[in-house]
Amino acid sequence: MAIFKGAGVALVTPMNEDGSVNFEKLEELVELHIANGTDAIIACGTTGESATLPIEEHLEVIRVCIEVAKKRIPIIAGAGSNSTSSAIYTSTQSEKLGADGLLLVTPYYNKATQNGLIAHFTTIANSVKIPAILYNVGSRTGVNMAAATTAKLVKTVDNIVGIKEASGNISQVAEIMSLTDGNIDLYSGNDDQIVPILSLGGIGVISVLSNVAPRDTHDIVAKYLAGDVEGSRKLQLKYIPLIKALFSEVNPIPVKKAMSLMGMDTGVLRLPLTEMEPEHAAVLETELRNTGLL
């Protein structure tokens, strides 16, 4: 059984003005997503600024999400690292905290070979009992996980159950589904490709857009899975200009700016991320208005 079907939010980590984590706002965000139909929360992924969260803070963010959610929706812990031993520690601690699953990104910077990826993910998954979703995003990590590698991991490691595919390569996604006979929980990792990936057998999205449009992002998936392909397609296309604006600078710079414009102030960014350029922010504000979010 899948950890979730639908729209999982890649949750931002709200900060105070001094750069510390704003746990009060974090609790508010978890409740907001539960109230607005989000199907799962992914804590401490890329959008959550995991790269600048020391392990103590990282685990505390996951713990707070789990405690606030109270099993009303699944909490998936971002636990990936370019160090296998570090990923094992974060994964095992997240399991102890009560996480429903893990999101494991391909190792960044050291750019493992395909055999290295197999060894890395197998070792991490074998350290826990909860299910794991792999995360392929070569644009950020510098390494693409081949379809054959994904298929081998899903077929040979019991608790590797799915993949967040953010390569942008629809042909690769189709190959994954072919090589696994569709026996994989496939999630879009790109908000502008939700419907295309659903059409290949996907069951959802792990979404940045969900931070600002949780109900409609949920509905893009829910409508498609219920057979309302046209309704799903219309919603997908409605949000394309906003999605483009949300990625006009590196994530999560624009989405935090969008949330601030919408009155959901999630605070500062941690360096090396900096505030959004004014010309990009103006386009973002326009697209928020065009979609009725402002």
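This is a predicted model: local features need pLDDT of at least 70, side-chain atom pairs count only at pLDDT 80 or more; totals for chains, interfaces and linings use all residues.
Let me begin with helix α7, which covers residues 170–179 and whose buried residues are Gln172, Val173, Ile176 and Met177; buried here means under 20% relative accessible area, exposed means over 50%, and partly exposed lies in between, with a 1.4 Å probe and protein chains only. Seen down the axis of α7, these buried residues fall within an arc of 140°, so they line one face of the helix, the arc being that of the directions from the helix axis to the C-beta atoms. As a general point, an α-helix has 3.6 residues a turn, so residues three or four places apart point the same way.

Residues are numbered from 1 along each chain as its sequence is written, and side-chain values use heavy atoms, with hydrogens and water left out. Helices (H or I, at least four residues) and strands (E, at least two) are DSSP runs, numbered from the N terminus.

Turning back to α7, the face away from its buried side carries the exposed residues Ser171 and Ser178, whereas its buried residues pack against β5 (132–136), α6 (147–156), β6 (160–165), β7 (185–188) and α8 (194–199). At the N-terminal end, asparagine 169 caps α7, with a side-chain oxygen 3.0 Å from the backbone nitrogen of serine 171, and just after the helix, aspartate 181 takes a positive phi of about 55°.

Next comes histidine 33, which sits in helix α1, residues 23–35. Is histidine 33 buried or exposed? Histidine 33 is buried, with a relative accessible area of 1%, and, leaving aside neighbours within four places in sequence, histidine 33 is in contact (heavy atoms within 4.5 Å) with Val9, Leu11, Thr38, Ile41, Ser210, Asn211 and Pro214.

Finally, the pockets: on a 1 Å grid over the protein atoms alone, a pocket is an open set of points where a 1.4 Å probe fits, with protein on both sides within 12 Å along at least five of seven lines, and lining residues have an atom within 4 Å of a point. The largest pocket holds about 680 Å³ of space, and of the 29 residues that line it, the closest to its centre are Gly45, Thr46, Ser50, Ala51 and Tyr108. The second largest pocket holds about 390 Å³, and of its 24 lining residues, Tyr135, Val137, Gly189, Asn190 and Phe247 are the closest to its centre.

Key: Grid points are joined across faces, edges and corners, and a volume is the space filled by probe spheres set on the points. A polar contact is a pair of N or O atoms within 3.5 Å; within protein, one must be able to donate a hydrogen and the other to accept it, and residues adjacent in sequence count only if both atoms are side-chain atoms.
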